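Hello,

Here is the structure I promised to hand over. Please open it first, then read my notes below.

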Amino acid sequence: MAEQQRGPVPPYGPPIQEAIAKGDLATMKQVAADAEKHLQKVGDVRTALAYLKIEIAKHEHKGKK
């Protein structure tokens with residue numbers, strides 16, 4: 001089976017969990033700073049995803065006519 005290529009890993013989820021597990025204060029602070037920068041760039045992904053799902057539903061509904 002071919003190995004999947006992985007893009008950049010956003011600074012949340014596993015990186016945050018790993019930083020907590022290591023217990024290294026400097027690492028935790030760096031990961032927190034990276035996550036804050038990431039959130040400033042991408043904005044509110046949860047809200048954008050909700051709007052996207054609404055648009056998907058609208059388009060699916062139009063296709064059933």
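**Overall layout**

Read along the sequence, the pattern is α-α-α. Keep in mind that this is a predicted model. The protein has three helices and zero strands. Its chain holds 65 residues, and buried residues make up 6% of them. The accessible surface comes to about 6200 Å². Carbon and sulfur atoms account for 58% of that surface.

**H1 and H2**

Start with the pair H1 and H2. H1 covers residues 14-22. H2 covers residues 25-42. Their axes come within 8 Å. They cross at roughly 160°. Angles over 145 degrees count as roughly antiparallel, so H1 and H2 are roughly antiparallel to each other. The crossing of the two is left-handed.

Two residues of H2 are worth a look here.

- Gln30 lies in helix H2. Its relative accessible area is 44%, so Gln30 is partly exposed. From the C-alpha atom of Gln30 to that of Ala19 the separation is 9.1 Å. Along the chain, Gln30 and Ala19 are eleven residues apart.
- Val31 is also found in helix H2. Buried means under 20% relative accessible area, and Val31 counts as buried because its relative accessibility is 15%. The C-alpha atoms of Val31 and Glu18 are separated by 9.7 Å. In sequence, Val31 and Glu18 are 13 residues apart.

**A nonpolar patch**

Which residues make the nonpolar surface patch? They are Tyr12, Ile16 and Ile20. Ile20 has its place in helix H1. Is Ile20 buried or exposed? Residues count as exposed over 50% relative accessible area. Ile20 reaches 55% relative accessibility, so Ile20 counts as exposed.

**The salt bridge**

How many salt bridges does the structure hold? The count is one. Here the side chains of Lys58 and Glu55 meet, at 3.2 Å from N to O. Both partners sit in helix H3, which covers residues 45-63. How far apart are they along that helix, and what does the spacing amount to? Lys58 and Glu55 are three residues apart in H3, so about one helical turn separates them.

Next, the exposure of the two partners. Lys58 is partly exposed, because its relative accessibility is 44%. Glu55 has a relative accessible area of 36%, so Glu55 is partly exposed as well.

**Where to look first**

Begin with H1 and H2, and view their left-handed crossing. Then find Val31, which is buried, and Gln30, which is partly exposed. Finish in H3, with the salt bridge between Lys58 and Glu55.

Best wishes

How values were computed. Residues numbered from 1 in each chain as written. Predicted model: local features only at pLDDT ≥ 70, side-chain atom pairs only at ≥ 80, totals over all residues. Heavy atoms only, no water. Patch = residues over 30% accessible without salt bridge, like charges linked within 9 Å, V, L, I, M, F, W, Y side chains within 5 Å. Areas by Shrake-Rupley, 256 points an atom, 1.4 Å probe, with all protein chains shown as cover. Salt bridge = Lys/Arg side-chain N within 4 Å of Asp/Glu carboxyl O. Helix = DSSP H or I, 4+ residues; strand = E, 2+ residues; numbered from the N terminus. Buried < 20%, exposed > 50% of the residue type's maximum accessible area, 1.4 Å probe, protein only. Axes fitted to C-alpha atoms, helices over the stretch in contact; angles between N-to-C directions. Parallel < 35°, antiparallel > 145°, perpendicular 65-115°, else oblique. Left-handed = near helix turned anticlockwise from the far one by under 90°.
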